[in-house]
Amino acid sequence: MAVSIDDLGDLVQRSDKLIELLKRHIFSPDGAKRFEKVYRIGEAASLIGRHATTIRDAANQGVISTERAAGTNARGFTLSDINKARRHYNTMPQIAVDEEPAIMAVQNFKGGVGKTSIAVHLAQWMAIRGFRTLLIDLDSQASATTLFGYTPDMDIDGDDTLAPFIMGDQRTMHYAIRDTLIENLSLIPANLQLYGAEYYIAAQSERKEIYSYLPEGINSIKKDFDVIVLDPPPALGMLSINALVAATSLLIPMPPRMLDFTSSLQFFNMLHETLEIIVEKHNVEFNYDFVKIVASKKKQRTSDEKYARAEDDILGLARDIFGKEYMLDGIIYESTAIDNAASEFKTLFEIQGQTTSYKSFRTAMAAIDGVCDEVMQEMLSYWPSLKAKIKAA
Ligand SMILES: Nc1ncnc2c1ncn2[C@@H]1O[C@H](COP(=O)(O)OP(=O)(O)OP(=O)(O)O)[C@@H](O)[C@H]1O
Ligand SMILES: [Mg+2]
């Protein structure tokens, strides 16, 4: 069958329709995504930074109330109540005015290593802990934007992305920041039109430094946030370079597999060369607070014994070579729970827990929780006031 350009247009419309139908099916009855998670008393107490007995008293006194988890009989506290309690007990973790937000790029030029999944989980984890968090989707494929429940080319307009700021039509990035279903988590979304920014930056290179756009943009909004997570595209393009320069720390997902390993080495090479050129040209100092590799999408013994063992060997070697200095202890496992959640446009943190295979959910959750906590500990070492506050709570 011959396929004309008009037919391709028809294919686009059919795909849009399919996504709309899928969203209606997943987010029934009205196709709108919700965040309905409730936290049990122990979890809530730990998130609030007070003992469970204190939280129980607060609930009895009506400071906060419990809700029933959707579709179950379990009762717990919503994030909104947890934040109410944080304000009541003054345990909201916000950095001091003279402290800088952590700007973390989850970066590796290799595609499909779990960057977006980790970036969105990390941003949600930080926001659930009460940090004022912003996730910036810099990838015109817009996977992160999709995980927030948007269909990028239907729900998001080019003007909603960073494109107008980059092209000089907006002076700050405020216009692009939108609230999400999770309190304290904001999003700057992406869609295909953001790709135009790549060409624009390159075309303007005589007039303006190619890597100065995002650092300037983030400067214009950073006082409103404690944590800014960047999700760049999987290539050394203009937006990726901007992310590498704007970031104060890097998290590099690396599956412990030969091919991913070698391309990660290429990534370090390019990172080194790119930053060296910038630093030499401008005679400036450049430091990251930390650069950490995280083993990602690692096969579990239970699912694939032979390959899991081979990956254990590679991971062991990687740990010997990179050491704790450059590598997190935690591991993100390849998990059906993460993949199943993603196919419903969700992360593990948006799932109540009873709805999927509980063991696989708990394992994946514990692993990702550990990784996010390690990242937070790194960030806290640059925020002395907050570290003291969290310790005291
Ligand atoms: N830990 C995991 N376990 C199982 N599946 C995962 C995991 N992390 C990511 N995935 C799945 O793998 C695919 C790629 O993940 P993701 O989009 O996070 O990678 P990426 O590095 O951002 O990709 P890209 O290079 O295209 O931006 C997605 O379908 C995602 O749902
Ligand atoms: Mg991605």
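In strand β3, Gly-76 is the bridge partner of Glu-67. That pair belongs to a predicted model, in which local features need pLDDT of at least 70, side-chain atom pairs count only at pLDDT 80 or more, and totals for chains, interfaces and linings use all residues. Residues are numbered from 1 along each chain as its sequence is written, chains are lettered from A and ligands numbered from 1 in the order in which they are written, and side-chain values use heavy atoms, with hydrogens and water left out. Helices (H or I, at least four residues) and strands (E, at least two) are DSSP runs, numbered from the N terminus. The domain assignment of the protein gives domain 1 (38–89) and domain 2 (102–392).

**The three-stranded sheet**

- An open sheet of 3 strands has the order β1-β3-β2, with antiparallel pairing. Two strands pair if DSSP finds at least two bridges between them.
- Its edge strands are β1 and β2, and each pairs on one side only.
- β2 and β3 are joined by 2 bridges in the antiparallel sense.

- Which residues of helix α2 (residues 41–48) are buried? They are Ala-44, Ala-45, Leu-47 and Ile-48. Buried means under 20% relative accessible area, exposed over 50%, and partly exposed in between (1.4 Å probe, protein chains only).
- These residues cover an arc of only 165° around the axis, which puts them on the same side of α2. The arc is that of the directions from the helix axis to the C-beta atoms.
- An α-helix has 3.6 residues a turn, so residues three or four places apart point the same way.
- The buried residues of α2 pack against β1 (38–39), α3 (52–60), β3 (75–78), α4 (79–89) and α5 (115–128). Contact means heavy atoms within 4.5 Å.
- In α4, the buried residues are Leu-79, Asp-81, Ile-82, Asn-83, Ala-85, Arg-86 and Tyr-89.
- Their cover includes β1, α2, α3, β2 (67–68), β3 and α5.
- Asn-90 follows α4, and its phi is positive, near 55°.

**The eight-stranded sheet and strand β5**

- The order β6-β7-β5-β8-β4-β9-β10-β11 describes an open sheet of 8 strands with mixed pairing.
- Its edge strands, β6 (178–179) and β11 (327–333), each pair on one side only.
- Strand β5 (residues 133–137) is largely enclosed by the rest of the structure, because 5 of its 5 residues are buried.
- Both faces of β5 are covered. Thr-133, Leu-135 and Asp-137 are buried on one side, and Leu-134 and Ile-136 on the other.
- β5 runs parallel to strand β7 (residues 185–188), and 4 bridges join them. Here Leu-134 stands opposite Ser-186.
- β5 also runs parallel to strand β8 (residues 227–231), with 5 bridges between them.
- In β8, Val-227 stands opposite Thr-133, and Ile-228 stands opposite Leu-134.

- Where does Asp-139 lie? Asp-139 is in the loop between β5 and α6.
- Asp-139 is buried, with a relative accessible area of 7%.
- Not counting residues up to four places away in sequence, Asp-139 touches Ala-190, Leu-194, Asp-231, Pro-232, Pro-233 and Pro-234.
- Asp-139 and Leu-230 are 91 residues apart in sequence, and 9.6 Å apart in space, C-alpha to C-alpha.
- Ser-140 has its place in the loop between β5 and α6 (143–147).
- Ser-140 is buried, with a relative accessible area of 14%.
- Leaving aside neighbours within four places in sequence, Ser-140 is in contact with Asn-191, Leu-192, Leu-194 and Tyr-195.

**Between the domains**

- The C-alpha centres of domain 1 and domain 2 lie 30 Å apart. Domain bounds come from an automatic or database domain assignment.
- How many residues of domain 1 are in contact with domain 2? There are 10, and they meet 8 residues of domain 2.
- The size of an interface is often given as the accessible area lost when the parts come together.
- Domain 1 and domain 2 bury about 820 Å² between them, 42% of it on carbon and sulfur atoms. Buried area is the accessible area (1.4 Å probe) that two parts lose on being put together, summed over both.
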